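Open the model in your viewer and keep the sequence panel at hand. We will go from stop to stop, selecting a few residues at a time.

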Amino acid sequence: MTIKVLLVDDERLIRAGLAAIIDAEDDLAVVGEASDGTEVPGEVRRLRPDVVLMDVRMPRLDGIQATRHILATVPEPPRIIVVTTFENDEYVYDALKAGANGFLLKRTRPEEILQAVRMVAHGDSLLFPAAIRELAGRHGPSGGGGAAWHGRLTEREGDVLRLMAKGHSNAEIAGELFVSPQTVKTHVGNILAKVQARDRTQAVIFAYETAFITPG
C-alpha cells in the first residue's frame, strides 16, 4: 500500500525538495502541502495522510500547536514527524511532548528521510537517545507525581524503559534481558498504558521529566 504524506513547511523550496525525494519512491506519495500550521487540521481531514512532515517553526501556528490540535481533534490521526534546522531546538522537545512521533533535521540525507517516513508509518517511533537526553537535561525534571508513577512500574518494566531510553529495539532489549521479543512487546505495551504515553518517545520523555531516568 502507498504511504500518503502531507508536507507542512513555510518555505516552498523545502516542500519542493521533500516532494521530489518522496514522490520518486513507488511506495510513497505526497498527497498535499501546507505552508502554515493553521492549514493542517483541514488538510488532514480532507486528505487523510498516513504521515505528516511538520515544520516545527512557522509564522502563524507552529508545529507544536498544530500537532496538539491534530491529536486532540482528528479521529485516527496521522503519524507526525517534526522537521527542524537544529537538533537542540527547544521546539523539538515540546513537539515530542505534544505527541509527535519523532523529528528529523532539514539536513538529513534523503535515504534517511525515506526510512523515517516508512518507520513511522508502520508504527515505530524515531527515538534519538542522545538528542532527547540533551534536551531533557536542559529542561530538568518537572515533578508532578513522579514518585507515585515509579511505583506503578514493575522492576522488569523499569528495566525495559531504561533500555528504551537508550534507543534499543524490542529485539535488542530481549537479548539484553534474556526474554522473548513478545515478552518485551508486552512490557512496552504495559509501560505505555501506565504512563499514558502514545509511543516510546513520549514514555522516555516522561521518564526523564519524573526523574525515573536522569540525563547524566
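A contact, on this tour, means heavy atoms within 4.5 Å. This is a predicted model, in which local features need pLDDT of at least 70 and side-chain atom pairs count only at pLDDT 80 or more, while totals for chains, interfaces and linings use all residues. Residues are numbered from 1 along each chain as its sequence is written, and side-chain values use heavy atoms, with hydrogens and water left out.

**Stop 1: E43**

Select E43, which lies in helix α2. Helices (H or I, at least four residues) and strands (E, at least two) are DSSP runs, numbered from the N terminus. Leaving aside residues up to four places away in sequence, E43 touches L6, E33, R48 and P49. Is E43 buried or exposed? It counts as buried, at 17% relative accessibility; buried means under 20% relative accessible area, exposed over 50%, and partly exposed in between (1.4 Å probe, protein chains only).

**Stop 2: helix α3**

Now select residues 63-73, helix α3, and color its buried residues: G63, I64, A66, T67, I70 and L71. Look down the axis of α3: these buried residues fall within an arc of 165°, so they line one face of the helix. The arc is that of the directions from the helix axis to the C-beta atoms.

At the start of α3, zoom in on D62: one of its side-chain oxygens reaches to within 2.9 Å of the backbone nitrogen of I64.

**Stop 3: α8 and α10**

Next, display α8 (residues 155-165) with α10; their axes come within 10 Å and cross at roughly 90°. That makes α8 roughly perpendicular to α10, a label for angles of 65 to 115 degrees. Axes here are lines fitted to C-alpha atoms, for helices over the stretch in contact, and angles run from 0 to 180 degrees between N-to-C directions. To see the meeting place, select R156, E157, V160, L161 and M164 in α8 together with H187, V188, N190, I191 and K194 in α10.

**Stop 4: F178**

Move to F178, in the loop between α9 (170-177) and α10 (181-195). F178 is exposed, with a relative accessible area of 76%.

**Stop 5: E209**

Finish at E209, in helix α11 (residues 200-209). E209 counts as buried, at 11% relative accessibility.

Definitions and conventions: A polar contact is a pair of N or O atoms within 3.5 Å; within protein, one must be able to donate a hydrogen and the other to accept it, and residues adjacent in sequence count only if both atoms are side-chain atoms. Angles under 35 degrees count as roughly parallel, over 145 as roughly antiparallel, 65 to 115 as roughly perpendicular and the rest as oblique.
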